Protein chains: 4
Amino acid sequence: MKEKLNVAVVGATGIVGQQFLVSLDGHPWFRTTRLAASAKSAGKKYLEAITDQATGSVRWYCEEKIPEYALGITVEDASEFNFKDVDIIFTALESDIARELEPYYAKEKPVFSTASAFRYDEDVPIFVPGLNMSHASMLQVQKRERGWKGFITPNPNCTTTGLAVTLAPLYERFGINSVHMTSLQAISGAGRSPGVIGLDIIDNVMPYIPKEEEKVEKETRKILGRCEDGRISPADFKVSCTCMRVHVKDGHTESVFVSLKREADPEAVKKAMRAFGREFTDLRLPSSPPTMIVVTDDPYHPQPRLDRDLHGGMATMVGRIRPDESFPNGIKYVLLSHNTKMGAAKGCVLAAEYLAEKGYI
Amino acid sequence: MKEKLNVAVVGATGIVGQQFLVSLDGHPWFRTTRLAASAKSAGKKYLEAITDQATGSVRWYCEEKIPEYALGITVEDASEFNFKDVDIIFTALESDIARELEPYYAKEKPVFSTASAFRYDEDVPIFVPGLNMSHASMLQVQKRERGWKGFITPNPNCTTTGLAVTLAPLYERFGINSVHMTSLQAISGAGRSPGVIGLDIIDNVMPYIPKEEEKVEKETRKILGRCEDGRISPADFKVSCTCMRVHVKDGHTESVFVSLKREADPEAVKKAMRAFGREFTDLRLPSSPPTMIVVTDDPYHPQPRLDRDLHGGMATMVGRIRPDESFPNGIKYVLLSHNTKMGAAKGCVLAAEYLAEKGYI
Amino acid sequence: MKEKLNVAVVGATGIVGQQFLVSLDGHPWFRTTRLAASAKSAGKKYLEAITDQATGSVRWYCEEKIPEYALGITVEDASEFNFKDVDIIFTALESDIARELEPYYAKEKPVFSTASAFRYDEDVPIFVPGLNMSHASMLQVQKRERGWKGFITPNPNCTTTGLAVTLAPLYERFGINSVHMTSLQAISGAGRSPGVIGLDIIDNVMPYIPKEEEKVEKETRKILGRCEDGRISPADFKVSCTCMRVHVKDGHTESVFVSLKREADPEAVKKAMRAFGREFTDLRLPSSPPTMIVVTDDPYHPQPRLDRDLHGGMATMVGRIRPDESFPNGIKYVLLSHNTKMGAAKGCVLAAEYLAEKGYI
Amino acid sequence: MKEKLNVAVVGATGIVGQQFLVSLDGHPWFRTTRLAASAKSAGKKYLEAITDQATGSVRWYCEEKIPEYALGITVEDASEFNFKDVDIIFTALESDIARELEPYYAKEKPVFSTASAFRYDEDVPIFVPGLNMSHASMLQVQKRERGWKGFITPNPNCTTTGLAVTLAPLYERFGINSVHMTSLQAISGAGRSPGVIGLDIIDNVMPYIPKEEEKVEKETRKILGRCEDGRISPADFKVSCTCMRVHVKDGHTESVFVSLKREADPEAVKKAMRAFGREFTDLRLPSSPPTMIVVTDDPYHPQPRLDRDLHGGMATMVGRIRPDESFPNGIKYVLLSHNTKMGAAKGCVLAAEYLAEKGYI
């Protein structure tokens, strides 16, 4: 039994920070010892920090209860908190604040972030656990080049995760020419400050999510890219997306059309997907799903409400795998990925588990 | 001023029949003189026929009021009603009943149907008003071959309509290699017997609609096809669809990726779409939109709740027109079409107006 | 034919301001000549003022189109605009700004407001058109006491309107001991800055709306009160409310339990409700419903989505009228009132029509 | 450690039956050995019985996975299955079938039912676990009078449960004059055959649920009644309800206004509610919540989506406890009860646990 690592959660009072707290509740390897947030929360016990003083209402947004351990921690100011005695920092910050604070932390400590601030830097790997942990070699490059003792690794955009996971086995086995993806994204992906306004989504679809498509197109290729000469060289296929918001709480559904380099019938695709990531899941990391991709033959699945929590929200479910005769070696399918679990805080925790297991932390 | 034509609505008590009644309310050319439904409604006044006797509840499902004219009509039995004195029959029947009854009507009268029963017969044109009214030449073939005085013309599946309308100008101007479409369909498209069950769609997406994709793929090519040698020869491009149900009442949103035969930048596409169908809309038929396609540059549109009723639900709105670099001469966009107006009863009425105007009726 | 009155709309760029613009579109008596908003909109044409410059997105939130007339008007700064040449000012301001600006306008002009700032002042009548227009006598008191040429009259809270309208005939005919009301309020009642957050209302009920219950309890009694000695003396019955938010776009549903002073069976209640307000509706004011209350015997109504737009959203629908044996002379029913039509801007316009007709303006 | 009891679930393929299977998964005292359903499922393994043969779709409707144990059981015909070797029968039948089959089972075995068929028989107790288990004395009466070895005990209507639980401590401590309740019920309460139709509930409230109000009014008084002379004599206060359906998946919210016999301030009410049922919860039965009622001071709670799963859906949450000055000794509050957990199958299982513990089985 290893000794537990101490971890801090920065941005702990917001919705993503709360998801970190839940992901770390009862964690067998990580002990949450510090919580940080903006100056106005500093000095307050966690429960007080999330309680509206006027009404006594507790601003806790997860279906899971507030973890007991958090109640006793006094929140510190993110811009000056004492992180010397922690081993890992998880950050749930807005991108502009992340850009400022994360390097300050990374000088000393490993930083796992849900912000996009550093995602597109050439020496920064975007981990999708079970897919591209080989990119961990970039961490040495990053440390060396930046003169840091720690490092920054952001998770991908929540819409990228499921797409990248399902393309990985196809890319590996059959090669990919092009990808056309339409997303039906859950409202929790936008957070709640204010996130998606009720009047905008009731009986409605929002056909546009600013910057989302660019992120998915760029990140997918980077995640599936190769580390060469101290740089991540993006995968060479093309990705085209239309990203929309639908009336679903959690779970991004994506309709994917892929043109493969080599012919593959649906059965071969299913086999490749089912086999994918076994060496990773065999590690049985605490937050790992037992299998990366769950393939279903039931045409009425995946459905976000019924399937998003499969394997703790950490598996990607794929259904409706069919040939697509409209382009060469075409395959089409529908995937579902939990945007606030595998696609956010809990995905970061899983990446940290891997790096801890492999001695990077 | 022409004399009004007498029309009958068959299946008048159901939700699609009710939409016919609304579409015909105050119609300047058509006078609804007969209503027919199943035997159990026969002999009752319309209001009584749609009233649940146990509770006194009126089973009327349109936001519009019950048209006054309908209240005074006694419903007849669809399988034996007297349609000698009507000029047009609109039918809103389940497909299996349509298969039986529509030929019986068509022996004598023009039949405009929302059922799919005859859609795929070679001598049966599927009209999308403003798009392929030239297929009217098939009506003569159909009459001659079947020995009918009337004819049958079904409308397309509601998901096909918006796709076909927006592809038409692209096909005409630039040619089409392939189409990849993902639909986010409204629940009203499934009717209410029971249609979409509440528990299946709350906080959810249904990733499968039986037979829908096959219909859209087949109908789109037929609608954009050419009449040759007394047959409709389908358009030669490929269509691949994934059809899903989302939590929206009315209005089908579709994410479309098209590979054109010739290069076209977004501005050229917008211009072609805006110009499309002008000779049709210039006829100023009573149910016609002033323009077939409304193109918007606002990235947050089209939205089903805000835009579906544009021009009485008869225009198709297109937004987010962008280049798609993932395949040759690629263009992508999002469209919105009202599935129970242009995509159903009111679309049939508009087709009938055209054929009446042009002397086919 | 009278000459049209010139009107200004203040707060014209927000959602309530937009509802005023729609309510005034094509108005036979009122001509909208001035629009005012915050300083940052001042000097811009209306369309520009509501357009997001970054994306080109038009922030227009009504299902109705933007009225043509508004497009040509240059927005002025609400704190210093020139209202000399207008006859009526409609304001759609946040309460704190209303408290400051409305008296400034009222020194000169009649002000109809949707803000609660002055609702509880003793010399300020809260009009529910068709119900308590006799309170217009207070306007003279207000003018005299405050030394104004104009006056301020706020509309009630949107939840109060339907309750007051339905209680009025009961109070008049049978007397009221007590009222217990539970509201199921639409999300549009909270506006969109941000109003109800999507994550708070999807698959949910919010059991609390700050200050709402106090407003309803107080306003209902004031509206049904009597003008005595230059003051409005509130009605003497008790009102107890629980106000909740439900997943409905427009239309507040209210479940009401009333203990009457004198016995009344459901038929007598229906009769009183149907007869209510006839002298007002007989005026046939431009925005008036043909009847104040529509009573239905269909137990499945009122339903917000199907019934809210009845008579342009200006009638209150009442259903499920039953005896309530749990208290003396008990009656219970369900009402539906359109919170953004009769319950907001359009209700103000109707009040202004009445006062114009009667010579108060 | 006691030996496990064998239990059968009848109606096992439907949604309520599935909830029984989930409630019994991993149960420490009960072992599910037999499943029964209609004749058309008989002879099939459970998974096959719920699989649509045409599409391969599995008709499983719980968020929880299908329990492993169920997969191996062959479904029997409910009208002739062999229940000799089971100790308890849980039934999830439509009321008309329940009326026929339950007495046939009850001749030999204890029957716990979710059907209303026998609820109103004088010798049939309706158990709300933790509230009226003293009514168990009626079981002897029932057995003796009907000549059965077993007995029938139905659970209450799901809307009654939360109301009865929260009224019990008030009735006990302060006495009750009258109750006025408005329910905002979840759609899962209507099942899915078809249950609530999507088109009826999107952006809507349904103001009527047939027979619901009568059930709640009658059952509440029976549950809180006393056993006297071999009969249950109903509680003597009056209950008046308006029951509505809202757009929520699970969890019935109820707005309650109570007139007590003796004065009680909100703090006294909270204290009584918090203390309620301790002798029951102290038994620590497997499905029991740790406390019957959870009282919150946060005005924004209870919310169905966030709070319904509290304590496995077995606790009733109460918030917004306030004085109600509109009637004598008035108190008002909002409650939330999980309609498919405590309010249905799992509530039956908990009642069975109690009766097993106390030797009635």
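1. Let's start with a helix on the sheet of chain B. Helix α9 of chain B, residues 266-275, lies across β12, β13 and β14 of chain B, and its direction is at about 160 degrees to that of β13(B). Helices here are DSSP runs of H or I with at least four residues, strands are runs of E with at least two, and both are numbered from the N terminus. Angles run from 0 to 180 degrees between N-to-C directions, with axes as lines fitted to C-alpha atoms, for helices over the stretch in contact.

2. Before going on, please note that this is a predicted model, in which local features need pLDDT of at least 70 and side-chain atom pairs count only at pLDDT 80 or more, while totals for chains, interfaces and linings use all residues. Residues are numbered from 1 along each chain as its sequence is written, and chains are lettered from A and ligands numbered from 1 in the order in which they are written.

3. Helix α6 (residues 158-174) lies across β7, β10, β11, β12, β13 and β14 of chain B, at about 25 degrees to β11(B).

4. Now the sheet itself. In chain B, six strands form an open sheet with mixed pairing, in the order β10-β7-β11-β14-β13-β12; two strands pair if DSSP finds at least two bridges between them. At the edges are β10 (238-245) and β12 (293-295) of chain B, each pairing on one side only. Neighbouring strands of this sheet are turned by 25 degrees against each other on average, direction ignored.

5. For a look at a single strand, turn to chain D. Strand β11(D), residues 252-260, has nine of its nine residues buried, that is, 20 or more other C-beta atoms lie within 10 Å of each residue's own, with C-beta atoms placed from the backbone. Both faces are covered: V256(D) and V258(D) are among the buried residues on one side, and F257(D) and S259(D) among those on the other.

6. What flanks this strand? β7(D), residues 176-185, runs antiparallel to β11(D) and is joined to it by eight bridges, and T182(D) stands opposite S255(D). Eight bridges also link β11(D) with β14(D), residues 330-337, in the antiparallel sense; here V256(D) has Y333(D) as its bridge partner.

7. On domains: an automatic or database assignment divides chain A into domain 1 (5-155 + 345-357) and domain 2 (158-337). The contact takes 31 residues from domain 1 and 26 residues from domain 2 of chain A, where contact puts C-beta atoms, placed from the backbone, within 7 Å. On the domain 1 side, α12(A) gives the most, with seven residues.

8. Finally, the copies. Chain B can be laid on chain A with an RMSD of 0.0 Å by a turn of 180 degrees and a shift of 0.0 Å along the axis, superposed by least squares on the C-alpha atoms of residues with pLDDT of at least 70 in both. The two copies are thus related as by a two-fold rotation axis. The same surface serves both, as 100% of the contact residues of chain B recur in chain A. In chain B, H247(B) comes closest to the axis, with its C-alpha at 2.9 Å.

Notes:
Buried ≥ 20, exposed ≤ 12 C-beta atoms within 10 Å, placed from the backbone. Contact = placed C-beta atoms within 7 Å.
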